[in-house]
Amino acid sequence: MDTRSEIRAFLSTRRARLTPAAAGLPTFKDKRRVPGLRREEVALLAGVSADYYTRLERGNLSGASDGVLESLSRALHLNDSERTHLFNLARATTKRPHPSPHVRQGVLHLLSTITAPAWVRNARQDYLAGNPAAETLLSPMLTSPQTASANKATFVFLNPTAPDFFTNWHQVATGTVALLRAEAARTPTDRSLTDLITELSTHSSSFRRYWSDHDVTQHCNAITTFHHPVAGPLELGTELLELPRDPGLTLVVYTAEPHSPNAEALSMLASWTAAEAGIL
């Protein structure tokens, strides 16, 4: 990832979306040449000179203090995820170790004790490990011919069946892109992540469109809706749990309200999984 280009695009898109009225600035009837705030207005709100803010927006965040970044976050009304993204961009020149792709034995034991569908992914959205319920639930993604190893982002954007499987595809797609963009700022030298983004940008116009929005997020706990080939329609809570001992790895667990139709469908899916495995 070109960090300077990313900084320019991120700051300019955040500035463009913020109107003078929303920022608490007086508005006049003169015709504005930009859709949102001017650079001088952002500088005023952040308490820095216009020349200094212009340098920042041109991609030079090197040396920017935490105080300046905080002031800029407030001036641009950044949410928590966007604020973290800005700080990651500012610190992107610092080399960070890439997370290990391996799942510890203790995490594998944890997966085996969870009855709900649960799997572990890395920052690239690779499927690294999962329990039988997850393997059954996500079978269309895991058997996707688009990639040799299962990857959620590749499935979402390159497999034509993804919108049929993830029936809230737009929400899943935007969340996937936002997570990838946040990770790209944290680990700009991760070649495997850069290669994935390049592949998706080359082959998916939808990915290019969402990527150009420069939206970021750290967590996407939400409802995911599926149409499973065996269980049919499912509406499941999606909980993302970071693994503190394994930086870059996240445990994903899908849940359903007890005694709900979704819970019954999951139970049926678990029984079907056991029968397929010869356990029953």
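This is a predicted model: local features need pLDDT of at least 70, side-chain atom pairs count only at pLDDT 80 or more; totals for chains, interfaces and linings use all residues.
Colleague: Is Ser73 buried or exposed?

Modeller: A residue counts as buried when its relative accessible area is under 20%. Ser73 has a relative accessible area of 5%, and therefore it falls into the class called buried.

Colleague: Which residue with a positive phi follows α5?

Modeller: After α5 the chain comes to a residue whose phi is positive, near 55°, and that residue is His77.

Colleague: What is the reach of helix α1 from its first C-alpha to its last?

Modeller: Helix α1 covers residues 3-17, which gives 15 residues. At 1.5 Å a residue, a span of 21 Å is expected, and the helix in the model comes close to that value, with a reach of 21 Å.

Colleague: What covers the buried residues of α1?

Modeller: Along α1, the buried residues include Ile7, Phe10 and Leu11, as well as Arg14 and Arg15. The elements that cover the buried residues of this helix include α3 (39-46), α4 (50-57), α5 (66-75), α6 and α12.

Colleague: How does Arg4 count at 43% relative accessibility?

Modeller: Arg4 also lies in helix α1, and its contacts, leaving aside neighbours within four places in sequence, are with Arg58, Gly59 and Asn60. Although Arg4 and Arg58 are 54 residues apart in sequence, their C-alpha atoms are 7.3 Å apart in space. Buried means under 20% and exposed means over 50%. Because its 43% relative accessibility lies in between, Arg4 counts as partly exposed.

Colleague: Are α6 and α12 roughly parallel or roughly antiparallel?

Modeller: Helix α6 (residues 80-90) packs with helix α12 (residues 169-186) at an angle of about 30°, and their axes are 7 Å apart. Angles under 35 degrees count as roughly parallel. The orientation of α6 to α12 is therefore roughly parallel.

Colleague: How do the residues of the contact of α6 with α12 divide into nonpolar, polar and charged?

Modeller: On the side of α6 the contact is made by His85, Asn88 and Leu89, and on the side of α12 by Arg181, Ala182, Ala185 and Arg186. Sorted by class, the residues of this contact divide into 3 nonpolar, 2 polar and 2 charged.

Colleague: Which residues have the most contacts inside the largest nonpolar core?

Modeller: The largest nonpolar core has 38 residues, and α12 gives the most to this core, with 6 residues. A second, separate core of 25 residues includes Leu18, Val42, Leu86 and Ala90. Inside the largest core, the residues with the most contacts are Leu138, Phe157 and Phe226.

Colleague: What percentage of the residues in the protein chain do buried residues make up?

Modeller: The protein chain has 15 helices and 5 strands, and 56% of its contacts with a separation of 6 or more are between residues 24 or more positions apart. Of the 280 residues in the chain, the buried share is 49%.

Conventions:
Residues are numbered from 1 along each chain as its sequence is written. Side-chain values use heavy atoms; hydrogens and water are left out. Axes are lines fitted to C-alpha atoms, for helices over the stretch in contact, and angles run from 0 to 180 degrees between N-to-C directions. Helices (H or I, at least four residues) and strands (E, at least two) are DSSP runs, numbered from the N terminus. Angles under 35 degrees count as roughly parallel, over 145 as roughly antiparallel, 65 to 115 as roughly perpendicular and the rest as oblique. Contact means heavy atoms within 4.5 Å. Ala, Val, Leu, Ile, Met, Phe, Trp, Tyr, Cys and Pro count as nonpolar, Asp, Glu, Lys and Arg as charged, and the others, Gly among them, as polar. The expected span of a helix is 1.5 Å times one less than its number of residues. Buried means under 20% relative accessible area, exposed over 50%, partly exposed in between (1.4 Å probe, protein chains only). A nonpolar core is a set of buried Ala, Val, Leu, Ile, Met, Phe, Trp, Tyr and Cys residues joined through side-chain atoms within 4.5 Å.
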